[in-house]
Amino acid sequence: MADVIVIGAGASGLVTAIVTARRGKKVLILEKNNKVGKKLLATGNGKCNITNQKPNSNRFYSQNPSFITESLDGYSYQSIKQFFKSIGLELIEAKEGKVFPMSLQASSVVELLLCECEQLGVKILCETEVTNISKQNNSYEVKHTKGKAIAPSLVIATGHISAPQLGGVDDGVNFAKRLGHTLVKPFPSLVQLTSSHKESYLKQMAGVKVESRVSIETAKGTIEKQGDVLFTTYGISGLAILDISRFIMEELSKKKSIMLIIDLMPKMSHGQLLALMKKSLVKKSSKPLKVWMQGFINKKLILPILEALKLQNETVGSIASNMQELEKIVAKIKAFEFTVNGSRGYKGAEVATGGINTKEVNPKTMESKLNKGLYFTGEVLDVDGDRGGFNLHFAWVCGLRAGEAI
């Protein structure tokens, strides 16, 4: 009989198992996939953006923000660095506060975690799907496809429904619900967005990648992000889009579509761009405006800009004699409107929001307030973070807290 059963051999599950086993407990991990850390292997394009140097609570989201503050308290970047040093993994720091394994290989993280588990005698059963959980007296009985297991402590570390192709499931939240917990409805985050623009419009722009500033208006004010934007046949992607996607998806839960404003030239002010374009105008030139604009902006973006202003058939000379039209072109480049009506779903999402209501979980121990001996860690909880190592940071913190408490 094990002292602790951990369901899920992902980031938080493996750390929980290691910290618990170091304290002399017998640990059994049940993993549905054919290998451990499947999602972990895909993070940071295979390099594993393991944490962030500044894991401030304002980079995380939940319907219960105080849970984030309390759970992160005392678990800084240094705490995570120290844990990984203890299993032999060295870290390197990169731009935007991102932190990676020195090997720049996610496989190094998984293999060192796995090796530590093996050395501590943690038993791991892969390709083992949990079918039922029940509470019996002071223990939990877990039925699975290879039999059953009983332990006084149970950790649900199954992750959530993002990236189902990597094993993302909603098993954990469903088990929690059966054990009396309430759930916060999820939606995909850090995800590519779809558009209701006409297909021809998207085809014109598809494949263009441009450094941009993107913004939306919400009831809480303007949300703004900067980074690359990639126009696609289905809509829009890129780092700036992933960063703003959570806020857009939140708005789309209340309305059918939302207007995304894209500044296609964020490094120049309206005045600077206007002055630059003015200098290039020749009054009597018959050069088509759509050709002239190739001196300033990607060819594929020109017609969507000009067609929106009904200027696609104009010449340089006609614009030179009507400066108001040039003002409109500059304004459109600095505030290009793009309608968003959805996302690429959980398959394209790095994270799923929502999950187990954190008001029912102790932020210092990750233990259920409703069921003694039941713990929740990582993405299964209603906590999600920004891109840049924040979601993994939260997973490690959960693992450390639960492991130390069991």
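**View 1. Helix α8 and the second largest pocket.** Helix α8 (residues 239–252) gives the largest share of the lining of the second largest pocket, four residues. This is a predicted model, in which local features need pLDDT of at least 70 and side-chain atom pairs count only at pLDDT 80 or more, while totals for chains, interfaces and linings use all residues. Residues are numbered from 1 along each chain as its sequence is written, and side-chain values use heavy atoms, with hydrogens and water left out. The pocket has a volume of about 370 Å³. Lining it are 18 residues, and those closest to its centre are Tyr-61, Phe-187, Lys-220, Arg-246 and Glu-250. Sorted by class, the lining holds seven charged, six nonpolar and five polar residues. (A pocket is an open set of points on a 1 Å grid over the protein atoms alone, where a 1.4 Å probe fits, with protein on both sides within 12 Å along at least five of seven lines; lining residues have an atom within 4 Å of a point. Volume is the space filled by probe spheres set on the points, which are joined across faces, edges and corners. Nonpolar covers Ala, Val, Leu, Ile, Met, Phe, Trp, Tyr, Cys and Pro; charged covers Asp, Glu, Lys and Arg; the others, Gly among them, are polar. Helices are DSSP runs of H or I with at least four residues, strands are runs of E with at least two, and both are numbered from the N terminus.)

**View 2. An open sheet of five strands.** Follow the order β7-β2-β1-β11-β22, with parallel pairing. The edges belong to β7 (123–125) and β22 (374–376); each has a single partner strand, so one side of each lacks a neighbour in the sheet. On average, neighbouring strands are turned by 20 degrees against each other, direction ignored. (The axes are lines fitted to C-alpha atoms, and angles run from 0 to 180 degrees between N-to-C directions.) Strands β1 (residues 4–7) and β2 (residues 27–30) pair over four bridges, and Ile-5 stands opposite Leu-28 in β2. (Two strands pair if DSSP finds at least two bridges between them.)

View 3. Strand β9 (residues 139–144) has five of its six residues buried, so the rest of the structure largely encloses it. (Buried means under 20% relative accessible area, exposed over 50%, and partly exposed in between, with a 1.4 Å probe and protein chains only.) With β8 (residues 130–136), β9 pairs in the antiparallel sense over six bridges; here Lys-135 faces Tyr-140. With β10 (residues 147–151), β9 forms five antiparallel bridges, and His-144 has Gly-147 as its bridge partner. Two residues join β9 to β10 in a hairpin.

**View 4. Two residues with positive phi.** Most residues other than glycine have a negative phi. Asn-137 has a positive phi of about 55 degrees, in the loop between β8 and β9, and is exposed at a relative accessible area of 74%. Cys-48 has a positive phi of about 65 degrees. Cys-48 sits in the loop between α2 (38–42) and β3 (51–52) and is buried, at 0% relative accessibility.

**View 5. Cysteines without a bond.** The whole structure has zero disulfides. (A disulfide is a pair of cysteine sulfur atoms within 2.5 Å.) The sulfur of Cys-115 has its closest cysteine sulfur 9.4 Å away in Cys-117, too far for a bond, and Cys-115 is partly exposed at 34%. For Cys-398, the nearest cysteine sulfur is that of Cys-48, 16 Å away; Cys-398 is buried, with 0% relative accessibility.
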